[in-house]
Amino acid sequence: MALADPARRRIIARLSRGPATVNELAEPFEITKQAVSKHIQVLEQAELVTRTRDAQRRPVHLNAARLETLTAWIDQYRLVREAQYRGLDAVLNHLSKDKT
């Protein structure tokens, strides 16, 4: 998944503040610009970012609508898992009360 990597999550977080070039995105990382470019390619394939051409610059833009869709999908599974954990907590609490 595109957001499984912490570097890609940091790139998305940075792009949420506005477009940036690969060089700008690479600044805070201790990895090569080529590695950052590969992360951006993964995000492009997932349609989470797009690139445009502005004279010599090729800024990367966040696709906020796609990120919103992905977030909603993740939330569905998060809610299911939270309900399962609440059920497990109830069972464990009941078992611990039976032992006392």
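Helix axes are taken here as lines fitted to C-alpha atoms over the stretch in contact, with angles running from 0 to 180 degrees between N-to-C directions. In this predicted model, the axes of α1 and α3 come within 10 Å and cross at roughly 75 degrees. Helix α1 is therefore roughly perpendicular to α3, because angles of 65 to 115 degrees fall in that class. On the α1 side, the contact is formed by Ala7, Arg8, Ile11 and Ile12, and on the α3 side by Val36, His39, Ile40, Val42 and Leu43. By residue type, this contact between α1 and α3 comprises 7 nonpolar, 1 polar and 1 charged.

Helix α1 spans residues 6-15, and its buried residues are Ala7, Arg8, Ile11, Ile12 and Leu15. These residues lie on the same side of α1, because the arc they cover around the axis is only 140 degrees. Elements covering them include α2 (22-26), α3 (33-45), β1 (49-51), β2 (60-62) and α4 (64-99). At the N-terminal end, α1 is capped by aspartate 5, with a side-chain oxygen 2.7 Å from the backbone nitrogen of alanine 7.

Within helix α3 lies leucine 43, which counts as buried because its relative accessibility is 0%, and buried means under 20%. When residues up to four places away in sequence are left out, leucine 43 touches Ala2, Leu3, Arg8, Ile11, Ile12, Leu48 and Val49. Between leucine 43 and threonine 71, the separation is 28 residues in sequence and 15 Å in space, C-alpha to C-alpha.

Definitions and conventions:
Residues numbered from 1 in each chain as written. Predicted model: local features only at pLDDT ≥ 70, side-chain atom pairs only at ≥ 80, totals over all residues. Heavy atoms only, no water. Buried < 20%, exposed > 50% of the residue type's maximum accessible area, 1.4 Å probe, protein only. Helix = DSSP H or I, 4+ residues; strand = E, 2+ residues; numbered from the N terminus. Arc of directions from axis to C-beta. Contact = heavy atoms within 4.5 Å. Polar contact = N/O pair within 3.5 Å; in protein donor to acceptor, adjacent residues only side chain to side chain. Parallel < 35°, antiparallel > 145°, perpendicular 65-115°, else oblique. Nonpolar A, V, L, I, M, F, W, Y, C, P; charged D, E, K, R; others polar.
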